[in-house]
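Hi everyone, thanks for coming. Let me put my structure up on the screen, and then I'll walk you through a few spots in it.

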Amino acid sequence: MSKKTLQPPRGTRDFYPEDFRRREWLFDHFRSVSHRFAFEEVDAPMVEHAELFTRKAGEEIVDQLYHFEMHDRHLALRPEMTPSVARMVMARAGALRMPARWFTVSQNWRYERMTRGRKREHFQWNMDIWGEPEVTAEAELIGSIFALLDALGLARGDVKVRVNSRALLEESLREGVLAQRPEAFEPLCIVIDKLAKIGPDPVIEQLTNPSGEIGLSEDSAREVVAMLSAQTLDEAATHASANSPALADLRRFFDLLDAYGVRDQVVFDASVVRGLAYYTGIVFEAFDAGGTLRSICGGGRYDSLTEKLGGKAIPAVGFGFGDMVIGELLEDKQLWPDLPRPLDDIVFALGETERPAAIAVAQRLRGESRRVEVVLGQPKLKRAMADADRAGASRIWLIGPDEAQRGVARVKDLASGEEHEEDLNA
Ligand code: HAM
């Protein structure tokens, strides 16, 4: 076997016990915040029909699909959770109590170009609200993101959420440069999402490409890019009509954020459009305030995804929050807690004759929900004591011939060094 075969595939991770403890600590927070916001957990298969993900708007995520043919089926590892959850909602659309509040913690696969905080598999916490058309849902989600950041120990100001509205952009473009071709809106969003990454000139080049789907004139393309520079709602309002519903939604959304106590952590930024085609309304992304990392989470309203998948339209809004960028931020801020191996007691039989008594005491302690290791093999007492100390156990139970005969165990508290005897038949 080659050395390469013995490595995890590039961009994927092994989780050793210490890595796994961090992962579970983070996931426990995802779950605890979700429950505090009254969301229910769901799950779906990691492998789906590839067609569920192959949209035609030119999104990167479609080119990054891990997919394969098997028994005449074209299957793919999910790159994101949203289409799977949409499929599940559609299957129960008539019977679900709406609004439905669902969350997932799932592994996703994207053949990405890797940078800090971006790999080819990652876990995502998703929270989605189905069946609620009002921005009260968006505000609830932003509230939950900050509840998570608080729980992880991040300070207010460490993370900023940037918000825009695709609906606002669409309203302006439909009255202007896209008046004749509204269908170009989705591919246009995918192109302008790259603005921060590739800069204005390449974006203008793609918007004006005569053989592309968008085909704007140079002046129109420059006008679109100029619209994206608005940094306040009032500035954005200058491009919108006075009675714009999208603008009214944004204003209400910001007012609601006040009630969640997070209004000052959220800024309007017209350049946030997101790189997924299905968003239709408010969109948002969270970034570290230092601006050194990629997006911590992203989401928005996507009211027509179920319709695109062949069902009736169901209003929906949600976000995906990855495990990697937040991991980097916790590392930078030295906020990862010490996570010792979960172990309470070690039970050591000095000889094989005493092993049944050691197993019996371990079983009794396990029955009391203590986490107990029975020492396997026959190490020397000194080695067993040193191991117990290193492993972080709080007590070691020793049973030698003398103890077994008297029906007791010698119990040593590893922090204080104090010893006492416990009755094995108690
Ligand atoms: P997304 O922006 O593609 O949205 O991903 C959401 C988050 O997942 C990102 O902000 C990042 O934290 C993490 N993420 C994405 N790709 C990678 C990667 N290659 N490596 C590490 N982390 C990554 C979605 O996936 C939408 N489905 C979210 C959503 C849910 N929208 C509505 N509901």
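This is a predicted model: local features need pLDDT of at least 70, side-chain atom pairs count only at pLDDT 80 or more; totals for chains, interfaces and linings use all residues.

Residues are numbered from 1 along each chain as its sequence is written, and side-chain values use heavy atoms, with hydrogens and water left out.

Okay, the ligand. It has 26 residues around it, and the closest are Glu80, Thr82, Lys119, Asp128 and Tyr279. Now some polar contacts, meaning pairs of N or O atoms within 3.5 Å; within protein, one must be able to donate a hydrogen and the other to accept it, and residues adjacent in sequence count only if both atoms are side-chain atoms. Glu112 has a polar side-chain atom 2.9 Å from a nitrogen of the ligand. For Ser295, a side-chain N or O atom sits 2.9 Å from a ligand oxygen. With Ile296, a polar backbone atom is 2.9 Å from an oxygen atom of the ligand. The protein buries 97% of the 650 Å² that the ligand exposes when taken alone (Shrake-Rupley areas, 1.4 Å probe; for residues, only the protein chains shown count as cover).

Next stop, Ser165. Is Ser165 buried or exposed? Ser165 counts as buried because its relative accessibility is 2%, and buried means under 20% (1.4 Å probe, protein chains only). Its side chain reaches the backbone nitrogen of Ala167 at 3.1 Å. That's my tour, thanks!

How values were computed: Buried means under 20% relative accessible area, exposed over 50%, partly exposed in between (1.4 Å probe, protein chains only). A residue is near a molecule or strand if one of its heavy atoms lies within 4 Å of it.
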